[in-house]
Amino acid sequence: MAALDSPAGAKWRWGFLDLVVIVFALVPVLWIASLSFKTPATITDGNFIPREWTLENYRNIFNTDQFVRALVNSIGIGLISTLVAVVLGTMAAYAIARLDFPGKKLLIGISLLIAMFPQVSLVSPLFEIERSIGLFDTWPGLILPYITFGLPLAIYTLSAFFRQIPWDLEKAAKMDGATQGEAFRRVIAPLAAPGVFTTAILVFIFCWNDFLFAISLTSTERSRTVPAALSFFQGASQFEDPTGAISAAAVIITVPIILFVLFFQRRIVSGLTSGAVKG
Amino acid sequence: MTTLADPELKPSRPAPAARAWRRGPGRLPYLLLLPCLVVIAALLLWPLGQVVVMSLYDLDSVRQVRGDRPWPFAGLANYREILSDPFFHTVLRNTVLFALANVVLTMVLGTLVGLLLHRLGRRMASFVGGCVLLAWATPALTGTITWKWIFDDTNGLVTWLFNALPDGLSTSLFGRSDWTGYGWFNSPLSFFAILTLVVVWHSFPFIAVSVLAGLKSLPGELLEAARVDGAGPWRSFWSVTFPLLRPVFGILVVLSTIWDFKVFTQQYVLAGGTQDRPTFMLSIYSYATAFSPPPKYGLGATVAVVLTVILLVVTGFYVRSLLKQEEL
């Protein structure tokens, strides 16, 4: 709160800096939102605020099978991958945070190593494997690599969250006569739920935003997710000027992520920073 | 399996006899970990082994990939071809220089924003922090498409901005007054500058919130004491904040290095595919070698192996420094 006791001039300077940061962070987001509401005639006018507002672009993309299918694929593939990664990750993170066993550090190290692994290295072998066993261009074909990279992320974030839980409460509950299962369900699960939820959001964001696997392991609408479909809008002839359609689709896939961030900002930040700052 | 049920043998655990009756918990961790390990082994090790195998063969058609045609063994020929190719050295140089520039810029900008957030009031910090996080949350694809449009040669915001400059000023500074039709992506240098802008835009928020979290964990009295002793912001950052947060900065630098080495989506979208060879970096080079016609899956796999080895070394540093500072 040092800003309060400094003179007015300094306050303005800090305010100006805030503004610069906000503008830099938001201009691209606002620009694409603005484009998505413009009519074809005004889309190239360079105005930041649309002169004529229209929902035409949104109506158009929701009327194409190409986009709606992709949206369904994105949601389905993202949710399934997240669910599997978080369930398996919770089990592993519980073991890591709660129980002492040899090889624990090695395990965390390996999961970090995988989380940081260059996805592009796995693209050509996955392409080869999925081609030969028939998973290419199917939902599982994308879900499996998403689990591969979502799981280590989940293990790591969750074990950081779990370490902060006051586990002595469990012991106290057991002294009061609760069984191990009851103690877990009544005492620990409610404490762990926020961490699990935050992890799920982070994993979902990873799956939802992926572009590399989506363009490499799909070839038709059957399993193409929105990011992959979007890159085909550019060349598609059914849209005369794809700018409006692309920007509307881009807004649609950005909005859920933005809502997550707005509603769960504090949690997401604590999940994100658990890797760099000791909680 | 000999290490399995013997947590009692660890010297740090006292009274082994008292714990001996707890046979169950000894096996529990492994039961909980088993599904994870199985999944990771199947999903990661299989393709990982496969990429090494592929790098040893001459593969140039989808038929071979599907298994309909034989794979001619090439030994280490692919590695020799890549490592002796002057283009590979260009790619490597691009990657290293790009990562270096981006790590420095991301760290500086992220740290500055983190410091800014730290001195704001609660509400303002959460507002500005929220705005900044939006940049982080925007999918790489949509963020990059937008930046590409911002630099569009006719309707882009930047083109419009430069056109709005007084003609005389614009001519004397840049030698042109009409920017319509100016190809911002044409020269490799300006392409890399824009790519850097996009990547920094995507990654500085993470650094900012991490630095902020680190700053919050510092005891306030120390900075106060430095201020009382007459240290300016510059001085107190370098002699108080930085030394205390050194581990955090260390990890953030390594993390940024890893991410900036792997940049793919932003480059692919900004360049409009894999045609712009002079600006290739390792990720897109590996992808383009494997998938751009004529496809060379074997050679692409070789590049992937090289990229992985380089990154594993960097990641090794990260994991080591992280495990060192953490009590698990």
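Trainee: At what angle do helix H1 and helix H11 of chain A pack?

Mentor: Start with the general idea. Two packed helices are described by the angle between their axes and the distance between the axes. Now this case, which comes from a predicted model. Helix H1 (residues 8-36) of chain A packs on helix H11 (residues 242-263) of chain A at about 130°. Their axes are 8 Å apart. H1(A) and H11(A) are therefore oblique to each other.

Trainee: Is the crossing of H1(A) and H11(A) left-handed or right-handed?

Mentor: H1(A) passes H11(A) in a left-handed crossing.

Trainee: Which residues make that contact?

Mentor: H1(A) supplies Val29(A), Ile32(A), Ala33(A), Leu35(A) and Ser36(A). From H11(A) come Thr243(A), Ser247(A), Ala248(A), Ala250(A), Val251(A) and Ile258(A). By class, this contact has eight nonpolar, three polar and no charged residues.

Trainee: How many helices and strands does chain B have?

Mentor: Chain B comes to 16 helices and zero strands. Of its 328 residues, 50% count as buried. Now look at contacts in chain B between residues at least 6 apart in sequence. Of these, 63% join residues at least 24 apart.

Trainee: Where does UniProt list the "transmembrane region" feature in chain B?

Mentor: The unreviewed UniProt entry lists residues 28-49, 96-117, 124-150, 189-215, 236-259 and 297-319 of chain B. Check such spans against the model. Residues 96-117 of chain B are 100% helix and 0% strand, with end C-alpha atoms 31 Å apart. Residues 236-259 of chain B are 96% helix and 0% strand, and their end C-alpha atoms lie 30 Å apart.

Trainee: And where does UniProt place that feature in chain A?

Mentor: The record, again an unreviewed entry, gives residues 12-33, 70-94, 106-127, 139-162, 183-206 and 245-264 of chain A. Residues 106-127 of chain A are 86% helix and 0% strand, with 30 Å between the end C-alpha atoms. Residues 139-162 of chain A are 100% helix and 0% strand, with 32 Å between the ends.

Trainee: How many residues of helix H15 of chain B are buried?

Mentor: Helix H15 (residues 282-291) of chain B is mostly covered, with 10 of its 10 residues buried. Among them are Leu282(B), Ile284(B), Tyr285(B), Tyr287(B) and Phe291(B).

Trainee: Is Ala301(B) buried or exposed?

Mentor: Ala301(B) is buried, with a relative accessible area of 0%. This residue sits in helix H16 (residues 297-325) of chain B.

Trainee: Which residues does Ala301(B) contact, leaving aside its neighbours within four places in sequence?

Mentor: Ala301(B) is in contact with Ser124(A), Val51(B), Met54(B) and Ser55(B).

Technical notes:
Residues are numbered from 1 along each chain as its sequence is written. Chains are lettered from A and ligands numbered from 1 in the order in which they are written. This is a predicted model: local features need pLDDT of at least 70, side-chain atom pairs count only at pLDDT 80 or more; totals for chains, interfaces and linings use all residues. Side-chain values use heavy atoms; hydrogens and water are left out. Axes are lines fitted to C-alpha atoms, for helices over the stretch in contact, and angles run from 0 to 180 degrees between N-to-C directions. Helices (H or I, at least four residues) and strands (E, at least two) are DSSP runs, numbered from the N terminus. Angles under 35 degrees count as roughly parallel, over 145 as roughly antiparallel, 65 to 115 as roughly perpendicular and the rest as oblique. A crossing is left-handed if the near helix is turned anticlockwise from the far one by less than a right angle, and right-handed if clockwise. Contact means heavy atoms within 4.5 Å. Ala, Val, Leu, Ile, Met, Phe, Trp, Tyr, Cys and Pro count as nonpolar, Asp, Glu, Lys and Arg as charged, and the others, Gly among them, as polar. UniProt positions are given in the numbering used here, feature names are shortened, and annotations may be inferred rather than shown by experiment. Buried means under 20% relative accessible area, exposed over 50%, partly exposed in between (1.4 Å probe, protein chains only).
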